[in-house]
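The structure is shown first.

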Amino acid sequence: MRVEIPWRDRKVVAQLIDPDRAGEETLVAVAGHAAEAGADLFLVGGSLTSVSVSSVIRRLKELSEKPVILFPGDLTQLTDEADAVFLLSLISGRNPELLIGNHVIAAPHLRHMRERVIPVGYILVDCGSRTSVEYMSQTSPLPYDKHDIAVATALAGEMLGMSAIYLEGGSGAARPVAPAMIRAVRSELRIPIITGGGLDTPGKIEDAFVAGADMVVTGNGCEQDPMLINEACRVRDRLNHRTVTV
Ligand code: 1GP
């Protein structure tokens, strides 16, 4: 099945499922709840996993009919069980493996599902904590307040043919990517913007959407407070409604 992400028409809420933290009980609680609350889709992946991503996705698909997008932290997480795959290029970094090396290794495995591959320019932003992505990728994040570098990097991603740009604060970030950075990137970019990391209150989620994010991704916040996903969906619906009626 090809996933049409509705981000051209409206804002989207995605629930991140970290496979290693998705034991049966958590999966049922977090995923079941997110689907019921109205999350648009699931992203599945993590910086380091020791469980089978395929089985987590299979279980997720039994629990809900929402699309599942693979958000692979590394090559071991590649699977064709997902409805789509974010083919991430870590364009804020200068690690050649994450810019082309892994893609070459992955391409033959993705060949049979190429219409489900979504190329995403992944920009890691320094949001106040040293994150797993930073360490595992061995790259420096983009400075928090260097909006001009963020804009240039995102534009380069767009010109290279990416379908979307992901402004990533990193899971459990002390603060999310600054709305001012999202706004600066939005003002120059034509492709959708995804953001996640540290979005743990409805206010932060609203700020990200209002600044121009097309998709917000929540992870930790919903594990701490399951109602956060309900709030995120409420914010999304209010803003989508406003977009339509203005
Ligand atoms: C997705 O890494 C994030 O971009 C998830 O971050 O766990 O902090 O919500 P949180």
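## Overall architecture

The protein has nine helices and eight strands, where helices (H or I, at least four residues) and strands (E, at least two) are DSSP runs numbered from the N terminus. With a radius of gyration of 16 Å, close to the 18 Å that the globule rule gives for 246 residues, the protein is as compact as a globular protein of that length. The radius is taken over C-alpha atoms, and the rule is 2.2 Å times the number of residues to the power 0.38.

The model is predicted: local features need pLDDT of at least 70, side-chain atom pairs count only at pLDDT 80 or more, and totals for chains, interfaces and linings use all residues. Residues are numbered from 1 along each chain as its sequence is written, and side-chain values use heavy atoms, with hydrogens and water left out.

Along the principal axes, the C-alpha atoms fill a box of roughly 45 × 45 × 35 Å. Of the 246 residues, 54% are buried; buried means under 20% relative accessible area, exposed over 50%, and partly exposed in between (1.4 Å probe, protein chains only). Among contacts (heavy atoms within 4.5 Å) with a separation of 6 or more, 71% join residues 24 or more positions apart.

## Helix packing

Two packed helices are described by the angle between their axes and the distance between the axes. Axes are lines fitted to C-alpha atoms, for helices over the stretch in contact, and angles run from 0 to 180 degrees between N-to-C directions.

| Helix pair | Axis distance | Crossing angle |
|---|---|---|
| Helix 1 (residues 24–37) and helix 2 (residues 53–63) | 10 Å | about 45° |
| Helix 5 (residues 147–159) and helix 6 (residues 179–188) | within 9 Å | roughly 40° |
| Helix 6 and helix 7 (residues 202–211) | within 8 Å | roughly 20° |

Angles under 35 degrees count as roughly parallel, over 145 as roughly antiparallel, 65 to 115 as roughly perpendicular and the rest as oblique. Helix 6 is therefore roughly parallel to helix 7, whereas helix 5 is oblique to helix 6. Helix 1 and helix 2 are also oblique to each other. In that pair, E24, L27, V28 and A31 of helix 1 touch V56, R59, L60 and L63 of helix 2. By class, this contact of helix 1 with helix 2 has six nonpolar, no polar and two charged residues. Here Ala, Val, Leu, Ile, Met, Phe, Trp, Tyr, Cys and Pro count as nonpolar, Asp, Glu, Lys and Arg as charged, and the others, Gly among them, as polar.

Helix 5 contributes H147, A150, V151, A154 and L155 to its contact with A180, M181, A184, V185 and E188 of helix 6. That contact of helix 5 with helix 6 has eight nonpolar, one polar and one charged residues. Helix 6 also meets helix 7, through P179, I182, R183 and R186 on helix 6 and D207, A208 and A211 on helix 7. The classes in the contact of helix 6 with helix 7 are four nonpolar, no polar and three charged residues.

## Two single residues

A84 lies in strand 4 (residues 84–90) and counts as buried at 1% relative accessibility. Leaving out residues up to four places away in sequence, A84 touches V3, V68, I69, L70, R116 and I118.

Q138 sits in the loop between helix 4 (132–137) and helix 5 and is exposed, with a relative accessible area of 58%. Most residues other than glycine have a negative phi. Phi of Q138 is near 55°, a positive value.
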